[in-house]
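Dear colleague,

Please find below the structure that I am handing over to you. My notes on what was found in it follow directly after it.

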Amino acid sequence: MADQPEPETEARSCDWPGCEEEGAHRAPRSREDLHSYRWFCLAHVRQYNAAWNYYAGMSEDEIEKDVRHDTVWRRPTWRGGAVPRDFAFKVHGVDDDLGPFTDGGTGPRDRDRSPPPPRKGHSEEDKALGILGLKPPVTATRVKARYKELVKRYHPDVTGGDKASEEKFKEISQAYQTIIERLST
């Protein structure tokens with residue numbers, strides 16, 4: 001058995017019409033099937049990638065939904081308290097001076113505390129900005145970056161289904177939606 005030669009891999013030809021080069025570089029066929037590939041030579045894979053737009057043909061709402069789905073790394077989510085025990089993330093007695101964990105179970109660090117609630121009489125936008133911890137003027141890019149940061153901190157999968165964090169997560173999501181809707185009008 002050991003003296004049998006290794007099977008030779010068959011060389012692919014470039015999928016570009018009329019090209020006779022070897023197709024050594026893969027590129028996805030479509031966004032619906034990212035694991036099915038076309039094979040191109042180096043020159044044509046560069047040309048294909050330069051012209052390929054993942055979001056082509058999607059509406060703004062579809063793009064936003066796809067981006068929001070990415071904020072939880074395309075992982076499944078559950079309602080607070082319904083997280084399977086094996087999936088819950090908990091830290092027992094860890095003092096993490098550099099990370100987002102609590103300090104040995106004594107409570108959240110100062111940097112993890114929420115900003116104070118907005119004063120009464122302010123607009124919905126002001127309240128939403130206060131929840132996100134932002135001050136005007138803001139851009140969509142800045143709001144999205146802050147939203148992603150807060151999602152990573154308060155998502156029920158990260159907090160082990162903590163009810164207070166789940167409520168904070170809902171509040172953050174509503175505030176984000178309010179600000180993004182205002183910015184798009």
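What is the mean pLDDT of the chain, and what percentage of its residues reach 70 or more? The mean pLDDT (the predictor's confidence in each residue, from 0 to 100) is 76, and 70% of the residues reach 70 or more. This is a predicted model, in which local features need pLDDT of at least 70 and side-chain atom pairs count only at pLDDT 80 or more, while totals for chains, interfaces and linings use all residues. Residues are numbered from 1 along each chain as its sequence is written, and side-chain values use heavy atoms, with hydrogens and water left out.

Two stretches call for caution. Over residues 83-91 the pLDDT stays under 50, and the model has 15 contacts (heavy atoms within 4.5 Å) for them beyond four places in sequence. Residues 101-112 also have pLDDT below 50, with 24 contacts in the model beyond near neighbours in sequence. Where pLDDT is low, the predicted coordinates should not be read in detail.

Overall architecture

The chain has six helices and two strands, taken as DSSP runs numbered from the N terminus (helices H or I, at least four residues; strands E, at least two). From the N terminus on, the order is β-β-α-α-α-α-α-α. The accessible surface, by the Shrake-Rupley method with a 1.4 Å probe and only the protein chains shown counting as cover for residues, comes to about 13,400 Å², and carbon and sulfur atoms hold 51% of that. Among contacts with a separation of 6 or more, 44% join residues 24 or more positions apart.

Helix α3

Helix α3 spans residues 124-132, and its buried residues are Ala128, Leu129, Gly130, Ile131 and Leu132. These buried residues pack against α4 (140-154) and α6 (163-184). Gly133 follows α3 and has a positive phi, near 75°.

Aromatic and charged side chains

A search of the whole structure finds six aromatic pairs. Rings of Phe, Tyr and Trp (its six-membered ring) pair if their centres lie within 6.5 Å; planes under 30 degrees apart are stacked, over 60 edge-to-face and the rest tilted. Phe40 and Tyr48 form a tilted pair, because their planes stand at 35°, with the ring centres 4.9 Å apart. Tyr54 and Tyr55 make an edge-to-face pair, 5.0 Å centre to centre with 90° between the planes. Tyr54 is partly exposed at 24% relative accessibility, and Tyr55 is partly exposed at 28%.

Two arginines sit over rings (CZ of Arg or NZ of Lys within 6 Å of the ring centre and within 35 degrees of the ring normal). Arg12 lies over the face of Trp39, 3.9 Å from the ring centre, and the charged end of Arg26 is over the ring of Tyr37, 4.3 Å from its centre.

Cysteines

The search finds zero disulfides, a disulfide being a pair of cysteine sulfur atoms within 2.5 Å. For Cys19, the nearest cysteine sulfur is that of Cys14, 3.8 Å away; Cys19 is buried, with a relative accessible area of 15%. For Cys41, the nearest cysteine sulfur is that of Cys19, 3.9 Å away, and Cys41 is buried at 8% relative accessibility.

With kind regards

Definitions and conventions: Buried means under 20% relative accessible area, exposed over 50%, partly exposed in between (1.4 Å probe, protein chains only).
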